[in-house]
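Reader: I have just opened this entry. Can you walk me through how its parts pack together?

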Amino acid sequence: DRVGKGLRTSPRDAILAEQLKALKLPGIAQAYPALARQARDGGWPYEDFLKEVLDAELRSRADRTAMRRVREARFPDAKTLDQLDWEALSGVSRPKIAELATCGFLEKAEDIVIAGPIGTGKTHLAISLGIEAARRRFRVTFIRAAELVRSLLEARDARTLGRLHQRIERSALLIVD
């Protein structure tokens, strides 16, 4: 392993790379070379360098968690709020969507129902809000209504409703389409 791409690897760099790998600190491993160069060139105090390195690791972990939450949600498509067709969503308030995108409704344990005719963007809106929640590191589950019913019937027949309930309950946001 090399610490930083394109840099000459010294024995110290190789040791640091192995230590960061053993400690499972990929954010630091990626940011370290550039930050070390900036710190050397800028004469940073050790504490400032340490803070920046730890901030890089925290950002890296938050990003990886958000990506994992989006993947775990099993969205059929990755649709974001930026891609919304506001023409199709006639009658939907942009400020209300912006408010929902903050995920405050999850913290208040409020339910959201999106209803309307076919082809008006309900699924896109639900997925977009789900992706926002996942990016904020909430557990999200996306499931089609027919699939949920099938899962419930199969769990009932297999006498595993408790397990299915626990799996669903782990999600902060359950999107039933």
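Reader: What is the handedness of the crossing where α3 passes α6?
Author: This is a predicted model. In it, the axes of α3 and α6 come within 7 Å. They cross at roughly 145°. The handedness of this crossing is right-handed.

Reader: Which residues of α6 make the contact with α3?
Author: On the α3 side, the contact is made by Ala66, Arg69 and Val70. By class, the contact of α3 with α6 has four nonpolar, no polar and two charged residues. The α6 residues that take part are Ile131, Ala134 and Arg135.

Reader: How far does α3 reach from its first C-alpha to its last?
Author: Helix α3 covers residues 46-73, which is 28 residues. At 1.5 Å a residue, 40 Å is expected. The reach in the model is close to that, at 41 Å.

Reader: At what angle do the axes of α2 and α3 cross, and are the helices roughly parallel or antiparallel?
Author: The two axes come within 9 Å. They cross at roughly 150°. That angle makes α2 roughly antiparallel to α3. The crossing is right-handed, and its angle is roughly 150°.

Reader: Which residues of α3 meet α2?
Author: From α2 come Pro26, Gly27, Ile28, Ala31, Tyr32, Leu35, Ala36 and Ala39. By class, the contact of α2 with α3 has 11 nonpolar, two polar and three charged residues. On the α3 side stand Phe49, Glu52, Val53, Leu54, Ala56, Glu57, Ser60 and Arg64.

Reader: Which residues of α3 are buried, and what covers them?
Author: The buried residues are Val53, Ala56, Glu57, Ser60, Thr65, Ala66, Arg69 and Ala73. Val53, Ala56, Glu57 and Ser60 are among those that meet α2. Ala66 and Arg69 take part in the contact with α6. The cover includes α2, α6 and β1.

Reader: What separates the C-alpha atoms of Ile143 and Leu174?
Author: Along the chain, these two are 31 residues apart. Leu174 is also one of the residues that Ile143 touches. Their C-alpha atoms are separated by 7.8 Å.

Reader: How far is Arg74 from Arg159 in space?
Author: In sequence, Arg74 and Arg159 are 85 residues apart. The distance in space runs from C-alpha to C-alpha. It comes to 25 Å.

Reader: Where is Lys24, and what is its relative accessible area?
Author: Lys24 is in the loop between α1 and α2. It has a positive phi of about 55° although it is not a glycine. Lys24 is exposed, with a relative accessible area of 64%.

Reader: What is the relative accessible area of Arg137?
Author: Arg137 lies in the loop between α6 and β1. Its phi is positive, near 70°, in a residue other than glycine. Arg137 is partly exposed, and its relative accessible area is 45%.

Key:
Residues numbered from 1 in each chain as written. Predicted model: local features only at pLDDT ≥ 70, side-chain atom pairs only at ≥ 80, totals over all residues. Heavy atoms only, no water. Helix = DSSP H or I, 4+ residues; strand = E, 2+ residues; numbered from the N terminus. Expected span 1.5 Å × (residues − 1). Buried < 20%, exposed > 50% of the residue type's maximum accessible area, 1.4 Å probe, protein only. Contact = heavy atoms within 4.5 Å. Axes fitted to C-alpha atoms, helices over the stretch in contact; angles between N-to-C directions. Parallel < 35°, antiparallel > 145°, perpendicular 65-115°, else oblique. Left-handed = near helix turned anticlockwise from the far one by under 90°. Nonpolar A, V, L, I, M, F, W, Y, C, P; charged D, E, K, R; others polar. Lists of a residue's contacts leave out its neighbours within four places in sequence.
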